[in-house]
Structures are given as C-alpha cells and as structure tokens.
Amino acid sequence: MIAPIRLLPPSVADAIAAGEVVERPASVVKELCENAIDARARRLEVDVEGAGTVRIRVGDDGAGIPAEQLRLAVARHATSKIASRDDLAAISSLGFRGEALASIAAVAEVQIVSRLHDATGARLRVRAATVLEEGAVAAAPGTTVEVRDLFFNTPARLRFLRSPRAETAALVRAVAELVLTNPATAVTCRVDGRVALRAPGGTRRDALSAVLGGAAAAELIELDGDGEVAVGGAISQPRSHRGTSTGLVLAVNGRRIHHRALIAAVAEAYRGLLPGGRYPYGLVSITIDPAEVDVNVHPSKREVRFRDEGRVFTAVQRACWAALAESRPYAAVIGDPLQQTVTLTTGEPSSLPWLDAVPAGASPGAVIAAPGEGGTSTPVDVPDRAGLETLASLSPLRSLGQVATRWLVAESPRGVVLVDPHAAHEKVLYAELLAAWGRAGVAEGRAAVGGGSQLLLLPALIECDPEQLDRFAAHSDFVACCGFGLEPFGPGLLRCTAVPTAAASGDVAQLVHDLLDTLEAGDRPAFDRQHRVAALVACHGAVRFGDPLAPAEQQRLLDRLVATAGGTTCPHGRPTVLVLDDATLRRAFRRPG
Amino acid sequence: MKCTVSSSALSSSLSLVSRAVSPRSTLPILGNVLVETGDEGLRLTATNLDLTISVAVPAEVASEGRTTIPARLLTEYVGSLLDAPCTLELNPSTQVLRLVCGIHRTNIHGIDAIEFPPLPPRDTGAGIEVDGPALAAAVTQTAMAASGDEARPVLTGVLVQFDADRLTLVATDGHRLAVKTLEVAGGGEDAPTGSIIVPARHLTEVARAITPARPVVRVAVSPSRNQVFFTMPDLEISSRLIEGTYPNYAQVIPGESTTTVTLPTSALLRETRTVSVLAKDAANVVRLRTGDGTLTLLAQTAEVGDDEAPLEASVNGDDLHIAFNARYVLDALAAVDSDQVQLSFNGPLSPGVIRPVGTDDYLCIIMPVRVPM
Ligand SMILES: Nc1ncnc2c1ncn2[C@@H]1O[C@H](COP(=O)(O)OP(=O)(O)O)[C@@H](O)[C@H]1O
Ligand SMILES: [Mg+2]
C-alpha cells in the first residue's frame, strides 16, 4: 500500500543534506522521472520544449497522488517515502527529501494532474509557490506534472544556463541514464515534438541498445557478479573505446551515481587493454543492501557513501575483470576492393548520441589507401561483428608462418588471424609477471621475489643522474621484489647484479635506465607502479618487432597468447591480433556466402 | 670459362658457401656466389662482408674465367640434379652461365665478377694447426653460451686465446660462461699470440664445415688483427673480428665449493629435459635440491602443474636448494662429453659449475635464478 505524504518533523528534515536541487532543466527532468519510477510507473512520457525553459511535461502511469494530498506534495519536506530518521539509514526509493516538487514550484508554474487507479482525477496549479487553481478533472490513471516558465522569477539562474543545445543534451542524457538504470520502464522522450529517445521497456540489453545504438551495444560484455554486492550491467569490449570518460554510467540500486573510486576500479580493470587517452563505456549497476549505502550526502542524491567502500571496489573490479577476460580480438575490415581502399578499423562504434557531449575522436585504426587514390580513403561501414568471438575461441590457433620477419599469420576456426609478435609476446610476459608478482605479494611490499630473478655473472655498472638515484632510493624495496638486484656503487653509479628472468636476455643497462625513468617521484599506489614496471620488463623481454621467429617459437607464442586473459591487446592497449573472418573475406572477394 | 665438375661435389660445396650469403642483403651482388677457375679446379666464394667462405671443387678446367651467379637459385638447381658430370660454360659478353648435365641444358644469368666485393687478403701463412674435430667440438661446447643480444657486441663473440701450447675458447652472455681448453702443437715463432673475439655465429660455421676429410684446421690472424682465417685443405673461412675488451672471465670462476654432486651425465640431461616441460612460464626455472645420496629436480608453473624427480647421485657437502634457467642447464649438460658430470655450488646465490669428470679442460658456469622457494 502506498504511504501517505507527510511533513517530515524538523529533526528529520534537518538531517537531510541541504542545498538547491533545481539548478537547470535537466535536474527538473531527473527529479520528475525519479518520482514516476518511485510510483512504479511502467510507462513514462517526457516532453520538452524550448530546452526545458518553456515547458517540461512528465507523464506516468504510476500509483498516483490522492487528490487531498496534492497541496502537500508541493510542500517543502513533505514525502511519502520516509517517515523517520531511521528510514534515512536504508533508503530504497530514488526520492526521500520531499523537496523536489516544492523547489520546482517555487521557480516555475507547475500543474499536477493525478488520478489513483480507483478514484477520479484531480488537478493543482501553482506558480511561484502560490496556488492558482485546484479541483477535479478527468484524467487517465497516473500522474502528469507539467512545468512551465522555469526560472521566470530567478533571472540569475536563467542567465547561468548553457546554450539551448547543451541544456537539451543534458536533459536527454538525464532521461537516458534513467532508462539505463530502470530498464523495465518504457520511456519516450520528445524534444520539441520530435522523438529523441525511445526505450521499449524490457531487459537491460534493450535499454542499452536504445541508449547507445545497436552497434555500440553489440560491443558490450555483460557483467555478472553476484553476491552481497551484486554487479550487473555491461561494459565495452577493449577493442571498442571512446574519446571521453563520460560514456561510463555507474548506478547503485537503480540510482545513477558519481563515484571516483568506482570509476577508478573500472579503469583499473581496463589497464593495459586500451590505448592511451581512450575510455570504456557502458553501465556498471550495483545492487547492495540499502543499509550499506548512504545517499543522503548531497541534494542531487548523486553522491553516495558506502559503509564498506573497499568491498564494493573489489566487487566491481572482479566483475569487470571476469567480463574482460572474454574480450574479443580486433577485427580487420577490408573495404570494397573495387573501390581500391582497404580500411583497418579498430572497431570504433558509431557515436553514443546521449552519453557523449563531445563527439568521439576519429577511429584510431590505420587507414591504408591503395596507390592512385591520392592517399585518401573512404571508411567503410563496420560490418556486423557479432560473430567474432573471444580470443579463446580462436583456439586452436595454428601458425602458418611469418611475413617479412614481422607479422605472424595464423589459422583459426574463425578465419585468418594476423599477429604482431612483439605485442603478443609483451602481453604474455606482462600477464605472467603480474600473476607471479601477485602470488609473491610484491605490491604489498613482501620481500619475496616474484617471477624469478636471474643473477648476473658479470654485474653491470650503470651511470645514473641524481633524479634517477632518488627514485631508486624511494622504491628500492619494490624494485628488489620485482627481481632487480640493484645497489648504490659509488657516486652516480648503481651496480646491477640481477634482473627479472623475463627480461634476462636483453640489454641490462638500458633496462635499468628505463626502470628508473618509470619509477615516479611521487607516492602513487603500488599496484599502479607494479603495472608500469611489468609493462616495462615485458617490453624488454619480448621478441623485438622484426626479429625472425622459428616455426616452433611462433606456435608456442600463439599457444601462450590464447591462454592469456585480455590477450587481445598489448600492455599499452594496442591490438595483438587482427581477425580476418570468412564473412569479411567473402565480402571482399565478392564470393557469395 | 669452361670446366667440368661432378654435380654432387658442386652441390655440397654450394651449400657450404651459401651459409655466407645474406638472404636479405640490400646489395644484390651479395646474394651471388663467385664462381671462378683456379689452380685447384673450380673455386666458389660467398661473402656477407663479415664472413667469407671459399671452397675449391675438383674440376677439369678447359678455359679460365669467373662470374657470379645467384646463390640460392644455383644451390637449389644443382641440388636437384642427378649425380652426373656437369659442364659449366660462361658467355663472357652476356654473363650467361650454361650448365649441361644429364638431359638438362640450362642457362642462368649472372652478374660480372668485377662487381663482387674485394675479398680479404688470404692467410699469409702465420698460424697454428689445430685438430679439426677437436676444434669443432670446442666450438659447440662454448658458442652456445655466447649472447644473442647485439647491445653488448663483445658478448656475441667467442674469446679465442692463444698460448704457447694451448688454445682457450670462452663465451658468456652474462648469465653463464663456458671455457674450453685445447692442446695444440707449438706454433713456431710467428704463431698468433694474445686473444681475439670471433663472432660466435661464424665460429659455428667453421665447426659445421669440419669433416673427417678436413682433419686439420689452420688458424691465423691477419697482421692488422681485424680478420681471422680458418684454413682447411680445400676450404677457407675468414671472419671479421669483434673489437672491444672481453670481460675478465677468470675472476668469476669459483675456486672452492661447499656442495658437490656427481652423477651420470645422460641421466641428468634426460631428467632435466623432462622436468623442464613443467617449467613453462617466462622464467623457465628448474630447481635442484641436494639430499642424502640424491639430487632432486623440481619444476613448477602456477596453474599448469609441477614435477619432482629424485636422482641417485654422490653428494658431498652442505644441503642446497638452488634454481636455474632450465635452458642453461640443458645447454651445459649437452656440452659435457664425459659419462659422469660434476656439479659444484657455493650456496643458492652463487654461480654453479658444471664440468666433466675425468678431464679438466672444460667447465660451464651458470648463475642461479632467485625464486620464492
Ligand atoms: N509522479 C508521481 N506519482 C506519484 N506520487 C508522486 C509523484 N510525484 C510526486 N509524488 C508524491 O509527492 C511527494 C513529493 O515529491 P518530491 O517533492 O519529489 O519528494 P520525494 O520524491 O523526495 O518524496 C512524493 O513523496 C510522492 O508521494
Ligand atoms: Mg522526488
């Protein structure tokens, strides 16, 4: 049964984080949509005119507001969602502050039409907190709130609004986020009469397709972490990435939140999988006991505090790791040969209309134009890559040979696979090092040497500049755990007596110089340093690009790569393999499938 | 030029000299073999400017001449002929070499020998004579320890040290060191002295060329000390030398040891190979643990598996647990030519020494790997 709206006693009201909630049209849309979701709406219609300053109308088919409570709904600190201070400790609704309608009604003209399913409709019209009109009206079950002349009496706020385009984008984005976090509700959002977003109401996948578009949604991997902190949603394949970090949406118990640490948890899982300056997109949706999370931090209700943040961090990271172990390799795309262009794309999906205010950068894929084309190329449309599976599905991957002592060509059940041997070997060594260092507890500073350390018969003397020596002094224990035997040896000199076995065959002096340059002066987290050093050691230990590999070595590298989680990219996020599948080749050769 | 040779002799000589042909040279002439008549018959020479191999093939020479022919093509072609006399005739104006052998009448386009790079001056006679098979074995026993990393060029070579009655070969990649000593007959007054560094890959070619038909090898150093010559009756290999100072290897050879283990070489080699199958990750580590009358080999790869193999051995001294890169151990054991092998150690973080039992002309030192035990 729906609880009645009540005025919160001052003791409860005072406990609620103070501040203005209605900053811009998007916040109005967000608050009204949240109310509809709280009223268990199954359908939601959002209509916006004039970037929200002329009219915002949100209609739902939810539970409705009793006629006699309409005045109370627009009163400050009046809510049906909590009653006592204790309720604040475990909030399971999106709203609880009892302030949104009141705040909106203070700066606009608001009309609420509402009808309970078993009653007749009622209407209330308020302008700048003054009641203009009240009475019975014919209406469909549910509630429609219409906001006109937003900020008419607060010119300062009106002046601070961004361009109508930017405000519209923000407002549609608010609806899009709501669609992602509440996928079961059917949502239609119209801007100046034109449909800007329509979600059918269904599964999370449907919602993701509606918001991101089919191509980008096809590049998502489902998250599936259950337990007391359940992690759902879907995140992008490493081969599919964006130029801004805004494409990743976090939600807790159906509420879109901002949380730096959790974003960092996701980023950490993508470490070594994305090229520099590129970001993942998707939705990470956490379900947790409401008592474990405090949403009463900021009036926007977007900030939350977890009782045990570490646990949530770990759960998110685990779920992302598990999902990313299934990453798909980059696909090679051949354009129409008769058009004389070949485009290799790294799978940039079409832009995400509402999640990205800034348009995505150009595809980082190499574009090769055939001679006579004047170096230009028309990018071809990205074919349906749904058939491309994970790296493990390329197994058995059989080496066919090496082209010009550079690329490996291999055969897999999925088609022809091209491999960059340096990148592939680098990733294999990197993953093995991190696993070995993890087992030895290197990041925790345990004294054990992880992964093995080759002692040198002929120690190398290495000349260092003062900064390098400082950085060495700051991290000497860590460096020792990674397998380096380094010690000061007179002014400006280090003596190297051991190196990690993975990089044992290379040039010791160069390795140590690179190591000292990689160590940072400041105090960054140990795991971060560990990844950087692992990438460095792997880079030094890997076969060099251009080195010939014997057939047996080629095969062994492929076997190890297929067994490496996240093996589709090198530690710097560049692809290790490109798959040319049968469908792509058929299209290119014009051979009917 | 016109001469007649046996196609099989020509074929085996071509495969020998083509080891010096650089497959991807930017100079097309270096992909060719120099074919010329001479006192000994027909002479074939190939060079990549660092390594030059020249071999004489018995031939009936009707008229003198010289040209160069694409090495790969000629080697492949002659190698596929049935064994029969083969007549070579050059048309000097077109540089087309006509081969007549069995049913084949073949013409191959060559490049004028004038374009062939000038060859290093021949060995002038100052040198020492070394037993061929012994030299080949010594090269195999040491060259494997040389480095493949061009960053420290001296380590890609084998140090060859000339003493009055000895020739010492040393190679190290910084992780292991192999030393082999050969007895030589006194070399006379102008015998080479001091030491030189020869690219390990080139020495391996010398070892490969040594056969029972070439029982003695003459080793000489050019007066300017930038070339070494290996001369056999019908064959000459010359190599550029690596410049630089070789590390003082003598100081890393341990004097005493706290643990020694003696056991049959073949058993240790075989079981190490088996155990190393389980040393699959980058470190490729096998561990050795000594106990009462046993040497236990262990290998372990996380999430793959592990293996433990105790071997009967005669063990003296302190108990020890030490780890090595399996490949280094396998290389060293393969180089040991005696039935029994002795391993000696000075604790888990000091070099281990592998040497044959019964002779003291060879040893291989390996630096251990430090691993979480
Ligand atoms: N769309 C709606 N459907 C049903 N009830 C609503 C709706 N919008 C608002 N209400 C009622 O009005 C009250 C006040 O809304 P609001 O000011 O947004 O505060 P809050 O959502 O924090 O409770 C809500 O508690 C709810 O009972
Ligand atoms: Mg509300």
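What share of the 593 residues in chain A is buried? In this predicted model, buried residues make up 47% of that chain, which has 16 helices and 27 strands. Of the contacts in chain A between residues at least 6 apart in sequence, 70% join residues that are at least 24 apart.

A place to begin is an open sheet of 8 strands in chain A, whose pairing is mixed and whose order reads β7-β6-β5-β8-β3-β2-β9-β10. Its edge strands are β7 (130–136) and β10 (194–199) of chain A, each of which pairs on one side only. If direction is ignored, neighbouring strands of this sheet are turned by 10° against each other on average. Within the sheet, strand β2 (residues 43–49) and strand β3 (residues 55–60) of chain A run antiparallel and are joined by 6 bridges; Glu45(A), for instance, has Gly59(A) of β3(A) as its bridge partner. Helix α2 (residues 25–38) of chain A packs on the sheet, where it touches β2, β3 and β8 (142–148) of chain A, and the direction of this helix makes about 10° with that of β3(A).

From the edge strand β10 of chain A the reader can pass to helix α7 (residues 204–212) of chain A, whose buried residues are Ala207(A), Leu208(A), Ala210(A), Val211(A) and Leu212(A). These buried residues of α7(A) pack against β10 together with α6 (164–181), α8 (214–218), β11 (220–222), β12 (230–236) and β15 (282–287) of chain A. After α7(A) comes Gly213(A), which has a positive phi, near 90°.

Two other helices of chain A, α11 (residues 421–440) and α15 (residues 551–562), pack at an angle of about 50° with their axes 9 Å apart. Because of that angle, α11(A) counts as oblique to α15(A), and the crossing of the two is left-handed. On the side of α11(A), the residues that meet the partner helix are Pro421(A), Ala424(A), His425(A), Lys427(A) and Val428(A), while α15(A) brings Leu557(A), Arg560(A) and Leu561(A). In general, an α-helix has 3.6 residues a turn, so residues three or four places apart point the same way.

The contact between the chains takes 25 residues from chain A and 26 residues from chain B. On the side of chain B that touches chain A, the elements giving two or more residues are β13 (176–183) and β27 (369–370) of chain B, and the residues of this side divide into 16 nonpolar, 5 polar and 5 charged. Strand pairing also links the chains, since strand β24 (residues 453–463) of chain A pairs with β27(B) in the antiparallel sense over 2 bridges, and Gln454(A) has Val369(B) in β27(B) as its bridge partner.

Beyond β24 of chain A, in the loop between that strand and α12 (466–481), lies Asp465(A). Is this residue, Asp465(A), buried or exposed? Asp465(A) counts as exposed because it has 11 C-beta neighbours inside 10 Å, and a residue is exposed if that number is 12 or fewer. Although Asp465(A) and Leu516(A) are 51 residues apart in sequence, their C-alpha atoms are 9.8 Å apart in space.

Definitions and conventions. Residues are numbered from 1 along each chain as its sequence is written. Chains are lettered from A and ligands numbered from 1 in the order in which they are written. This is a predicted model: local features need pLDDT of at least 70, side-chain atom pairs count only at pLDDT 80 or more; totals for chains, interfaces and linings use all residues. Helices (H or I, at least four residues) and strands (E, at least two) are DSSP runs, numbered from the N terminus. Axes are lines fitted to C-alpha atoms, for helices over the stretch in contact, and angles run from 0 to 180 degrees between N-to-C directions. Two residues are in contact if their C-beta atoms, placed from the backbone, lie within 7 Å. Ala, Val, Leu, Ile, Met, Phe, Trp, Tyr, Cys and Pro count as nonpolar, Asp, Glu, Lys and Arg as charged, and the others, Gly among them, as polar. A residue is buried if 20 or more other C-beta atoms lie within 10 Å of its own, exposed if 12 or fewer, and partly exposed in between; C-beta atoms are placed from the backbone. Angles under 35 degrees count as roughly parallel, over 145 as roughly antiparallel, 65 to 115 as roughly perpendicular and the rest as oblique. A crossing is left-handed if the near helix is turned anticlockwise from the far one by less than a right angle, and right-handed if clockwise.
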